[in-house]
Amino acid sequence: METMGDLRRTHYVGGLREADAGTEMTVAGSIARCRDKGGVIFADLRDTTGILQLIFDDATDRAVFEKAETLKSEYVVIARGRLREREAKTDKIPTGGVELFVTELRVLSGAKTTPFELRDEIKVGDELRLKYRYLDLRRPEAHEPLVLRHRIVKIARDYYDQNHFIEIETPILAKSTPEGARDYLVPSRVQPGKFYGLPQSPQLYKQLLMLSGFDRYMQIARCFRDEDLRADRQPEFTQIDLEMSFAEEDDIMAVNEGFIRRVFKEVLGAEVKTPFLRMPYSEAMDRFGSDKPDTRFGLELCDVSAAVKDSGFAVFQNALVGGGSVRCICVKGAADKLTRKEIDKLTEFVKTYGAKGLAYTRWTAEAKTSSFEKFLTEEETAALYAKADMQQGDVLLVCADADNETVYAALGALRVETAKKLGLIDESAFNFLWVTDFPLFEYSKEEERYVAKHHPFTMPKTEDLDKVETDPGACRARAYDMVLNGCELGGGSIRINDPELQRRMFRALGFTEERARLNFGFLMEAYEYGAPPHGGMAFGLDRLVMLMLKKNSIRDVIAFPKVQNASELMSGCPETVEEKQLRELSITSAIMPE
């Protein structure tokens, strides 16, 4: 292979246009594709900014032409020449109006045949792509999200700096805390038997920074959670993390709406209207069955419990007697589209969310079929139709359960699945809203106690302060989530800054004073020295990039992501380590029986 010698790149290729024709330049990159047309060779050179066609013909120096004949895909080259307009222009690539007539060519590195084609829209399994992720990232479709991610981070730093935020790094090796998801643990060599916890978020540290007088903090923060993976979740992820002193909800929402407005404008050229709609948690659940509702389409939930409370249908009766509800979705004009076969598929779908089944009425122009109306009187059917706005041509999908959370989960997922099947979603839209007034606590059946809905440092609503210990299930939080197209984009809250209220919060969560001091003593002691009112939030950077690019998974916007079993296929981690390393850490390894 050759060296660059005196050749140095003068231009990146992505921005070259017809106006640059006639310019002498040197470009460098990899050969994406090479075509020998018998006397004329076309080679597409790819660098980090785009693709440019190189051309070699009968006017090319013979030695250069012979070298071009050896080119294969993914060879790394540097080439000097004169840019000229192409005879056969194309609009498939931004540089489709120009080409580089090469006068000097050096092959810097050869390449084996790749295990899959490095082009967009390839049909190859994710496992193979991720095993060879360094090759996959050469494809523009995989490369561009990381470039856009960089731009978003730069805009974030500039925007928050202009709004008086200071970027401060917080520790990665931190104290393990018992609330929330499982921590990743790191053993200490110098203190045998003791462990660090990798931070699930910089929550405690950023609150302490407010107590330290920094007023406004931000950080592009790496976070870690040992939890099951899904499309929008990875064991390690990145947050745009923020905290503000002397701020109320309106202040925090306004400054972060401003960031979203700016980043969408500068990156996508999209206008985002502010202020965003605000919706209480209870309304979001009643209307959409979700605390992160997708508002790009209708199919809102309707509570028909009152209309069917006296019906003879045992499924409805059992749900209502058990303290639950009967709710439905009326799919307008879908009777000819949602066949019985499709409804059966939807029934199996809601079962994955805990529902026992799905009752339905399908009213076509020819007939009306129903799985439950024979148990209702004419008056009850009329009341049901009136409440649900059911008419000829519609399909009514009904879910009943003694647990309202099951009804919400099933119908909330069903409305999205149905909208996808029927093409009801405007994929070009960006619908933002704030969901507010979350429950402060939620009951954990597994632990048989109340746990914090967000985290233990969230301030209760003023009017609910007296219920923290006496009626925790009725307490609402001064918490807020920013939602985009059915995904939680970020969330935060006003924090507790009163030591006594924080102690009450720990008691409500079942913490003894000793345990609270053991886990959070440094924060509780800090409160004793004066704590300003403060609050903040964090954006999921990975989710933000995913949603802006209309991707289906955050794996598509992370350089080296993990797969479902939390492994990274390219390097093969996690992996066993040598016994010597374990001895140095004073630990042994054994797989415990389940």
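**Ground rules.** The model is predicted, so I took local features only at pLDDT of at least 70 and side-chain atom pairs only at pLDDT 80 or more, while totals for chains, interfaces and linings use all residues. I number residues from 1 along each chain as its sequence is written, and side-chain values use heavy atoms, with hydrogens and water left out.

**Overall.** I looked up the secondary structure: the protein chain has 16 helices and 22 strands. These are DSSP runs, with helices (H or I) of at least four residues and strands (E) of at least two, numbered from the N terminus. The C-alpha trace spans about 90 × 75 × 50 Å along its principal axes. Of the 594 residues, 49% are buried. Buried means under 20% relative accessible area, exposed over 50%, and partly exposed in between (1.4 Å probe, protein chains only).

**Cores.** I then checked the nonpolar cores, sets of buried Ala, Val, Leu, Ile, Met, Phe, Trp, Tyr and Cys residues joined through side-chain atoms within 4.5 Å. The largest has 106 residues, and Phe-259 is one of those with the most contacts inside it. Another core lies apart from it, with 24 residues, including Val-27 and Leu-100. Contact means heavy atoms within 4.5 Å. A search of the whole structure finds 65 salt bridges, each a side-chain nitrogen of Lys or Arg within 4 Å of a carboxyl oxygen of Asp or Glu. I looked at Asp-44 and Arg-33, whose side chains meet in one (3.6 Å, N to O). Asp-44 lies in strand E2 (residues 41-47) and Arg-33 in strand E1 (residues 24-36), so the pair ties together parts that are 11 residues apart in sequence. Asp-44 is buried at 12% relative accessible area, whereas Arg-33 is partly exposed at 46%.

Next came Arg-139, which pairs with Glu-141, the closest N and O atoms being 3.4 Å apart. Arg-139 is buried at 4% relative accessibility; Glu-141 is partly exposed at 35%. Both belong to a network of salt bridges that includes Asp-120, Arg-133 and Arg-555.

Glu-380 sits in helix H11 (residues 378-388). Its contacts, leaving out residues up to four places away in sequence, are Ala-307, Asp-310, Ser-311 and Phe-375.
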